Structures are given as structure tokens and as C-alpha cells.
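This report looks at a metal site and at one helix. Please view the structure below before reading on.

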Amino acid sequence: MKSRCIVLIAYVTLAGCAADPANETYYDPLEDYEEIDATTVLDAPGPVPGSVAPERLFQVQRGEYLVELLGCGACHTDGALEGVPDFDKSLAGSRIGIAYNNPLGIDKPGVLYPPNITPDEETGIGTWSDTQIERAIRAGLGRHAGRRIAVMPWQGYAKITQEDVDAIVAYLRSIKPVRHKVPDEVLPGKTAEYPFVYFGVYRSRAAD
Ligand code: HEC
């Protein structure tokens with residue numbers, strides 16, 4: 001029988017820690033990383049008071065509930081990936097990134113920083129159309145369709161109903177626009193200036 005080993009690596013962030021001088025031959029690919037216990041429960045910010053027409057309130061509240069339930073803020077909020085969210089910048093993007101290359105083999109992985117999804121026109125999604133937001137959520141497509149969203153777990157949202165995705169869009173449009181620019185993507189091989197975590201499922205090739 002083929003044995004398969006799947007390793008899940010999550011919440012590991014960059015930290016400077018020195019190699020053990022007594023054991024120089026030991027190779028520890030995660031020696032520059034520390035384990036993080038990110039257990040904070042995040043509330044999604046409420047809509048801007050008075051901004052939602054009474055007949056849309058139910059839809060917007062449903063969207064808020066779904067954004068909390070689907071964990072959007074856990075990535076899209078500064079500090080949340082390390083368990084210390086900045087509640088003033090809820091959903092306004094994260095300066096802690098997520099690496100998308102093999103953590104055991106590449107010491108300078110590509111890194112994406114979860115973007116600002118508040119309605120700020122310059123740094124958020126204020127100028128995105130409803131369809132563009134919807135496609136990002138359920139099909140993993142970037143604004144200029146064709147570019148795949150690599151890190152966001154859109155597969156988990158792909159089966160969302162039209163009603164629910166409409167509610168998320170209505171909710172995202174109702175919250176306070178927060179001006180907050182996240183760092184640009186770091187390509188593999190380049191040095192990331194901002195910290196990042198690893199997510200991912202890695203299968204051992206041993207049984208191939
Ligand atoms: C595991 C982290 C993670 C979670 C959870 C997550 N996202 Fe994302 N999201 C990202 C990253 C990273 C990107 C940047 C694109 C990429 O992955 O390639 C992104 C991109 C987006 C974009 C496109 C915005 C842009 O400027 O490119 C939208 C809209 C979005 N996410 C909305 C959501 C919503 C709504 C939820 C919850 C239903 C959610 N995300 C959950 C990480 C996440």
C-alpha cells in the first residue's frame with residue numbers, strides 16, 4: 001500500500017533566531033521561523049451608521065455574518081495572522097503576507113499580502129464592480145479576469161449562492177473605507193521586507 005504523508009504548515013512567521021553553534025551540521029529549514037498561536041476571534045466591522053437603507057439592512061447584516069463565518073478578516077486584517085488584529089483596520093488588508101512556495105526548500109518564497117477589501121477607492125476595492133468582487137470570492141479571479149488569485153481559499157467559497165455573495169458585496173460596500181496600502185507581491189527569490197506566514201498542504205513524495 002502506498003503511504004502518503006500530508007503535512008500542514010500554518011502560522012509560521014519570520015523571526016531572526018541564530019543557528020545552534022553546537023550542532024552546525026543539523027539542517028533546520030524552519031530555523032528562521034517561530035511558531036505562532038493565532039487564536040483571536042475576529043468580529044467584522046459594522047456598516048457605517050445610517051448608511052444602509054432599511055430595506056437593505058437584512059441583506060447587509062447577512063453579509064456581515066457571512067464575512068465573519070467565512071473568516072475573511074483572519075487574512076484581510078493587519079496583525080490577524082499573528083493573533084493580534086488591529087481592529088481599527090478591520091478588513092483593510094494585512095502587512096503580514098502569506099508565502100506560496102515550499103517552505104522546506106525555498107528560503108525566499110513568493111509572498112502575497114491580503115489586500116484591503118474596504119471601499120476605499122485608492123487602496124481598497126471601492127472602484128471594483130459587483131461582478132469583479134463576486135468573481136474574486138467564488139472563482140478566484142483577480143480584477144482583470146484571467147489572473148488567478150493564488151492564495152485566497154476561494155475554492156471554499158465557490159459554491160456560495162448568488163443571494164449570499166450579493167449579501168457579502170452589499171456588506172463590503174457598507175463599511176467604512178479605510179486608507180491602507182498593503183505591500184506589493186514579493187516574487188520568489190526576492191527578499192520580503194515585511195513578515196509572512198506559511199499556509200499549505202504538502203504531500204511527501206516518498207511513495208511516488
Ligand atoms: C487565507 C487568507 C484569505 C482568506 C481567508 C480570504 N482571503 Fe481574500 N485574498 C487573500 C489574498 C492573499 C488575496 C490576494 C490575491 C491572491 O491570493 O492571489 C485575496 C484577494 C481578495 C480579493 C481581491 C482584492 C484585490 O485587491 O485583489 C477580494 C475581493 C477578497 N480577497 C475578498 C475576500 C472575502 C470576501 C473573503 C471571505 C469570504 C476572503 N477574501 C477570504 C487572502 C484571503
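In this predicted model, His-76 is buried, because its relative accessible area of 10% is under the 20% cut-off. Met-152 has a relative accessible area of 21%, so Met-152 counts as partly exposed.

Both residues belong to the metal site. His-76, through NE2, and Met-152, through SD, are the protein donors of the iron atom of the ligand, at 2.0 to 2.1 Å from the iron. They come from distant parts of the chain, 76 residues apart: His-76 lies in helix H2 (residues 72–76), while Met-152 lies in the loop between helix H3 (130–139) and helix H4 (162–174). The table lists the two residues.

| Residue | Donor atom | Relative accessible area |
|---|---|---|
| His-76 | NE2 | 10% |
| Met-152 | SD | 21% |

What is the arrangement of the six donor atoms around the iron atom of the ligand? The angles they subtend run from 80 to 179 degrees, which makes the arrangement octahedral.

The second topic is helix H1 (residues 57–69). With 13 residues at 1.5 Å a residue, H1 should span 18 Å, and this agrees with its end C-alpha atoms, which are 18 Å apart. Val-60, Gly-63, Glu-64, Leu-66 and Val-67 are buried in H1. These residues lie on the same side of H1, because they cover an arc of only 165 degrees around the axis. The buried residues of H1 pack against H2 and H4. Phe-58 and Leu-69, on the other side of H1, are exposed. Just after H1 comes Gly-71, with a positive phi of about 70 degrees.

Note on methods: Residues are numbered from 1 along each chain as its sequence is written. This is a predicted model: local features need pLDDT of at least 70, side-chain atom pairs count only at pLDDT 80 or more; totals for chains, interfaces and linings use all residues. Side-chain values use heavy atoms; hydrogens and water are left out. Donors are N, O and S atoms within 2.8 Å of the metal (3.2 Å for Na, K and Ca); water is not among the atoms, so sites may look incomplete. Four donors count as tetrahedral if all angles lie between 85 and 135 degrees; four count as square planar and six as octahedral if opposite donors are over 155 degrees apart and all others between 65 and 115; anything else is irregular. Helices (H or I, at least four residues) and strands (E, at least two) are DSSP runs, numbered from the N terminus. Buried means under 20% relative accessible area, exposed over 50%, partly exposed in between (1.4 Å probe, protein chains only). The expected span of a helix is 1.5 Å times one less than its number of residues. The arc is that of the directions from the helix axis to the C-beta atoms. Contact means heavy atoms within 4.5 Å.
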